[in-house]
Amino acid sequence: MGRLRLGIDLDGVVADFNHGWTTRYNRDFPELLARDLTAADVVEWDAPTVLSHFASMSEFWRWAETCAEGRSIFHGLEPYDGAIDALDALRRAGHHLVILTTKPYFSVHDTYDWLARHRVPSTEIHILDDKTQVACDVYLDDADHNLEALAASHPDALVCRYVRPWNRAHAAAVDVHDWDDFTAAVAEFTLP
């Protein structure tokens, strides 16, 4: 197995965005809730507009800009169990980890801080909307629009869908259910 460039999404893949926002929402708006929200309540993309009082994602992002004790919501997220260990193992196996993440402008510094605090073993970080701009051999993402775009733009790459309730199967993507699945998919992949 040669050294591969692995394009790794953050939110919903490495960082538990939904646990982060639902926990803070419960804290900040208890009077609006019949019960606390949990990450398990999130079953669609842009769920804050369905589950919370925010009428638009713009309203949600205005709150999210400072909801983590004055810092952005991205500052206070926790990594998913096993994510950092799996990334460490992939790096030790000789792969080059490329972080590909889309963030609001206000969260750029908190994103770099988060990566440092959680010791994410990547030396290449791209914060961008169009992930197809960065060529990788393997991609891991949870957003339908990214999976479709990556598969169309990089047909020789292995595109992996991190299976979540808010995404759907794609003919050109391989489903992975956890980090063990992803590590196995990388190990089996050979460049064309």
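## Basis of the description

Helices (H or I, at least four residues) and strands (E, at least two) are DSSP runs, numbered from the N terminus. Under this scheme, Thr49 is found in helix H2. The model is predicted, so local features need pLDDT of at least 70 and side-chain atom pairs count only at pLDDT 80 or more, while totals for chains, interfaces and linings use all residues. Residues are numbered from 1 along each chain as its sequence is written, and side-chain values use heavy atoms, with hydrogens and water left out.

Thr49 is partly exposed because its relative accessible area is 30%; buried means under 20% relative accessible area, exposed over 50%, and partly exposed in between (1.4 Å probe, protein chains only). Contact here means heavy atoms within 4.5 Å. Apart from residues up to four places away in sequence, Thr49 touches Phe54, Ala55, Ser56 and Met57.

The side chain of Thr49 also reaches the backbone oxygen of Asp46 at 2.9 Å. This is a polar contact, that is, a pair of N or O atoms within 3.5 Å; within protein, one must be able to donate a hydrogen and the other to accept it, and residues adjacent in sequence count only if both atoms are side-chain atoms. Between the C-alpha atoms of Thr49 and Glu59, ten residues apart along the chain, the separation is 9.0 Å.

In H3, the buried residues are Met57, Phe60, Trp63 and Ala64. Seen down the axis of H3, these buried residues fall within an arc of 115 degrees, so they line one face of the helix; the arc is that of the directions from the helix axis to the C-beta atoms. An α-helix has 3.6 residues a turn, so residues three or four places apart point the same way. The cover over the buried residues of H3 includes H1 and helix H2 (48–51).

Trp61 also has its place in helix H3, and counts as partly exposed because its relative accessibility is 24%. Leaving aside neighbours within four places in sequence, Trp61 is in contact with Phe17, Phe74, Pro104 and Phe106. The C-alpha atoms of Trp61 and Pro48, 13 residues apart along the chain, lie 9.8 Å from each other.

## The largest pocket

On a 1 Å grid over the protein atoms alone, a cavity is a set of points where a 1.4 Å probe fits but cannot get out, and a pocket is an open set with protein on both sides within 12 Å along at least five of seven lines; lining residues have an atom within 4 Å of a point. Grid points are joined across faces, edges and corners, and a volume is the space filled by probe spheres set on the points.

The largest pocket has a volume of about 530 Å³. Its lining consists of 26 residues, of which Asp11, Phe17, Trp45, Trp61 and Thr102 lie nearest the centre. Helix H1 (17–28), helix H3 (57–64) and helix H6 (144–153) are the elements that give two or more residues to this lining. By class, the lining of the largest pocket holds eleven nonpolar, six polar and nine charged residues. In this division Ala, Val, Leu, Ile, Met, Phe, Trp, Tyr, Cys and Pro count as nonpolar, Asp, Glu, Lys and Arg as charged, and the others, Gly among them, as polar.

## The cavity and Lys103

There is one cavity of 30 Å³ or more. The largest cavity holds about 40 Å³ of space, and is lined by Leu10, Asp11, Ala15, Phe74, Leu77, Lys103, Thr111 and Trp114. Five of these lining residues are nonpolar, one is polar and two are charged.

Lys103 belongs to the loop between strand E2 (96–101) and helix H5 (108–117), and counts as buried because its relative accessibility is 12%. The side chains of Lys103 and Asp11 are joined by a polar contact of 2.6 Å. Not counting residues up to four places away in sequence, Lys103 touches Leu10, Asp11, Phe74, Thr111 and Ile127.

The buried residues of H6 are Asp144, Asn146, Leu147, Leu150 and Ala151. Viewed down the axis of H6, they fall within an arc of 165 degrees, so they line one face of the helix. These buried residues pack against strand E4 (138–141) and strand E5 (158–162).

Glu124 lies in strand E3 (residues 124–127) and is buried, with a relative accessible area of 18%. A polar contact of 2.8 Å joins the side chains of Glu124 and His126.
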